[in-house]
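This report describes one protein structure for a reader who has not seen it before. It goes from the whole chain to selected places in it.

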Amino acid sequence: MATTTPGPQTNRLGLTLNDYKGAPSTLCAGCGHDAITGQIVRAFYEMGVEPHRVAKLSGIGCSSKTPAYFLNKAHGFNSVHGRMPAIATGTMLANRQLIAIGVSGDGDTASIGMGQFVHLMRRNVPMIYLVENNGVYGLTKGQFSATADIGSTLKTGVANDLPPVDLCALAVQLGASFVARSFSGDPKQLVALLEAAMAHRGTALLDVISPCVTFNNHEGSTKSYTAAKELDMPLHTLGFIPAFSPIEAEIVPGETRVVDMHDGSKVTLKNLSRDYDPTSRAGAMATLMESSGKGEFLTGLIYVNEQQPDFISALNLVDEPLATLPEAKVRPGKDVLDKVMESLR
């Protein structure tokens, strides 16, 4: 009797998971960044995003190599160190129909790129800004980065005596409208946050603790796998329900909070031990400060504001992407320039 072999599973576009993958990773075996890449692939596949609608952006560092490992049919731009936000801003101004995902590291963002990060956050540029945060410069052999916790040690035993930059607290203070933190070893939570970030219209910052297996996974590090699991304090169990195709979301007993997204999608939060309101900016700052004081890092959706205008809306640009407008509409003609010059005489 003839038998048929079932084909690979496909999403609503008829694409398989492999259609969302990129080149093989060249990072260290077991790198947390590779785990994050796997969840980016999963999230775009589950959301049914057409790969050519995505713009991948990065700077310099181990983290900034990772866009090569997902969505090989997407657009990509690898900028110089710490300058990814400027490229992302220009990209979204030119074509507002793209979905931008920038992948950066703690060094690329919190040190050389801090100035650019600050202005992207306050402008609320519509994009996913994902920080693969391991507290060290892995590409240059493991020096402390600006997010290294005070008291954390290098492999040589040298202790860090400087306080860390909390990217989530900074983003909330600066005006980012979606701020979340996750852990590379929690794929279920990370996929849900990525899908929610895709549905958000504005800057969605995802600070993901991603242990460096080569330079920062030893006793004395506060960003090793062991330390991250011990210090991880989930705010809630989180599920994401896309508007185009409702899916089963795991619901556990307890209080539920639903946050409406711009596209009609909903983020369903399951609070655990306390009633946490992610729509309260003051509450988010207080919670982050409290957890920092206890040496914990909170995971989950920390802050969201669906009412805050994004950068493109604030500029009141035309609906049609600038990249598709004819030259006659984006460059003033000679007669217009002559009138301007005449007015200045």
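The protein exposes about 16,200 Å² of surface, and carbon and sulfur atoms supply 56% of that area. The model is a predicted one. Of the 345 residues in the protein, 48% are buried. Its secondary structure consists of twelve helices and 13 strands. Among the contacts between residues at least 6 apart in sequence, 70% join residues that are at least 24 apart.

| Residue | Relative accessibility | Class |
|---|---|---|
| Thr109 | 0% | buried |
| Val336 | 38% | partly exposed |
| Asp161 | 62% | exposed |

Thr109 is part of helix 4, which covers residues 106-110. Thr109 counts as buried because its relative accessible area of 0% is under the 20% cut-off. Leaving aside residues up to four places away in sequence, Thr109 touches Ser104, Met114, Phe117, Tyr129, Val131 and Leu167.

Asp161 sits in the loop that runs between strand 6 (143-144) and helix 6 (167-174). Asp161 has a relative accessibility of 62%, which is over 50%, so this residue is classed as exposed. Ala148 is 13 residues from Asp161 along the chain, and the C-alpha atoms of the two are separated by 9.5 Å.

Val336 belongs to helix 12, made up of residues 334-343. With a relative accessibility of 38%, Val336 falls between the 20% and 50% cut-offs and therefore counts as partly exposed. Together with Val340, Met341 and Leu344, Val336 forms a nonpolar patch on the surface. The accessible area of these residues together is about 380 Å².

**Helix 3 against helix 5**

Two packed helices are described by the angle between their axes and by the distance between the axes. What are these values for helix 3 and helix 5? The axes of helix 3 (residues 84-94) and helix 5 (residues 114-123) come within 8 Å and cross at roughly 35°.

Which residues of the two helices meet? On the side of helix 3 they are Met84, Pro85, Ala86 and Thr89, and on the side of helix 5 they are Gln116, Phe117 and Leu120. The residues of this contact divide into five nonpolar and two polar, with no charged residue. Phe117, which takes part in the contact with helix 3, is also one of the residues that Thr109 touches.

Notes. Residues are numbered from 1 along each chain as its sequence is written. This is a predicted model: local features need pLDDT of at least 70, side-chain atom pairs count only at pLDDT 80 or more; totals for chains, interfaces and linings use all residues. Side-chain values use heavy atoms; hydrogens and water are left out. Helices (H or I, at least four residues) and strands (E, at least two) are DSSP runs, numbered from the N terminus. Buried means under 20% relative accessible area, exposed over 50%, partly exposed in between (1.4 Å probe, protein chains only). Axes are lines fitted to C-alpha atoms, for helices over the stretch in contact, and angles run from 0 to 180 degrees between N-to-C directions. Contact means heavy atoms within 4.5 Å. Ala, Val, Leu, Ile, Met, Phe, Trp, Tyr, Cys and Pro count as nonpolar, Asp, Glu, Lys and Arg as charged, and the others, Gly among them, as polar. Patches are made of residues with over 30% relative accessible area and no salt bridge: like charges are joined within 9 Å, nonpolar side chains (Val, Leu, Ile, Met, Phe, Trp, Tyr) within 5 Å. Accessible areas come from the Shrake-Rupley method with a 1.4 Å probe; for residues, only the protein chains shown count as cover. A salt bridge is a side-chain nitrogen of Lys or Arg within 4 Å of a carboxyl oxygen of Asp or Glu.
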